[in-house]
Amino acid sequence: MRNVLKVTACAEYVLQVILGKKDLRVTEVIVQQDNKNLQGRSAVLDCVARDDDDIRYNVEIQQENEGASPKRARFHSGLLDMNTLNPGEDFDKLQESYVIFITRNDVLKAGLPIYHIERRIKETGRSFPDQSHIIYVTSSIQEDTELGRLMHDFHCKSADDMYSRVLADRVRTLKETPKGVESMCRELEKIYLDGRTDGRAEGVIKATQASIKNLMETLGLSLEAAMAALKIPQNEWQTYSELLKQQ
């Protein structure tokens, strides 16, 4: 999906469906945006988009619950704000923002396909108009709605099974053309190398296993071809082969 959302039309379609705004027009998309925080922790955001009203959107696609905690959503919202205003600009110029987590599981556990989170004034019950929005979407809930069909498409391995033509065209390009396959391999290699430099052994192993499986399932590569594409040292091949057999 990182590669899919690189295309402005794809990011625009996803935001239109999730927000229910057919007239939303995306003018800029940046994937893997490195948001620096000189005073503390920085973060790389999956996809950051901007529309023609200069509203900012951060779309995060998370497989595991721990990657989509409420406090992480709060942190991402703060990073968007910190990277919006220029030095000396008035706070009223801060743009409206959306942090959107698309998760495999129902993180907030109320059985809903989508959750909208906004601040309220406790004493009055009125909304607090800071224009900061957080949205959670449960991708495993695939009802017969436009949102449900979008979530269905997120889980499809074949472009032919997707409802959305714009997403299907992009997936077909990535999976069925030499240039697209090369791009997919580069992205997964980057995930693998980022994990190795992260320094957390268990996390590196899990991320590497996931990358190997993704290449095998999405591009139809053999186990050996997937490990070669990720540039995994050959002395580690047997280890990952055994681990994958145990799954």
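A: **Side-chain pairs in the fold**

The chain contains eight helices and six strands, where helices are DSSP runs of H or I with at least four residues, strands are runs of E with at least two, and both are numbered from the N terminus. In sequence order these elements give the pattern α-β-β-β-α-β-β-β-α-α-α-α-α-α. This is a predicted model, in which local features need pLDDT of at least 70 and side-chain atom pairs count only at pLDDT 80 or more, while totals for chains, interfaces and linings use all residues. Residues are numbered from 1 along each chain as its sequence is written, and side-chain values use heavy atoms, with hydrogens and water left out.

The predictor's confidence in each residue, pLDDT, runs from 0 to 100; here the chain average is 86, and 89% of the residues score at least 70. Among the elements, strand 5 has the highest mean pLDDT (98), whereas helix 5, covering residues 178-198, has the lowest (67). Where pLDDT is low, the predicted coordinates should not be read in detail.

Of the 247 residues, 43% are buried, buried meaning under 20% relative accessible area, exposed over 50% and partly exposed in between, with a 1.4 Å probe and protein chains only. Taking a contact as heavy atoms within 4.5 Å, residues 24 or more positions apart supply 54% of the contacts with a separation of 6 or more.

Rings of Phe, Tyr and Trp (its six-membered ring) pair if their centres lie within 6.5 Å, and planes under 30 degrees apart count as stacked, over 60 as edge-to-face and the rest as tilted. The structure has two such pairs. One is formed by Tyr57 and Tyr98, which are stacked with 5.4 Å from centre to centre and 15° between the planes. Because Tyr57 belongs to strand 3 (residues 56-62) and Tyr98 to strand 4 (residues 97-103), this pair ties together parts that are 41 residues apart in sequence. Tyr57 and Tyr98 are both buried. Phe101 and Tyr136 are likewise a stacked aromatic pair, at 5.5 Å centre to centre and 20° between the planes. This pair links distant parts of the chain, with Phe101 in strand 4 and Tyr136 in strand 6, 35 residues apart. Phe101 and Tyr136 are also buried.

Turning to charged side chains, a salt bridge here is a side-chain nitrogen of Lys or Arg within 4 Å of a carboxyl oxygen of Asp or Glu, and a search of the whole structure finds eleven of them. In one of these, Glu146 meets Lys22, with the closest N and O atoms 2.4 Å apart. The pair links distant parts of the chain, since Glu146 is in helix 3 (residues 146-155) and Lys22 in the loop between helix 1 (8-19) and strand 1 (26-35), 124 residues apart. Glu146 is itself partly exposed, at a relative accessible area of 32%. By contrast, Leu147, Gly148, Leu150, Met151, Asp153 and Phe154 of helix 3 are buried, and the buried residues of this helix pack against helix 1, strand 3, strand 4, strand 5, strand 6 and helix 4.

A further salt bridge joins Asp130 to Arg119, with 2.5 Å between the closest N and O atoms. Both residues lie in the loop between strand 5 (114-117) and strand 6 (132-138), eleven residues apart. Asp130 is partly exposed at 28% relative accessibility, and Arg119 is partly exposed at 47%.

Arg172 and Asp160 also form a salt bridge, at 2.9 Å from N to O. Here Arg172 lies in helix 4 (residues 165-176) and Asp160 in the loop between helix 3 and helix 4, twelve residues apart. Arg172 is partly exposed, with a relative accessible area of 27%, whereas Asp160 is exposed, at 59%.
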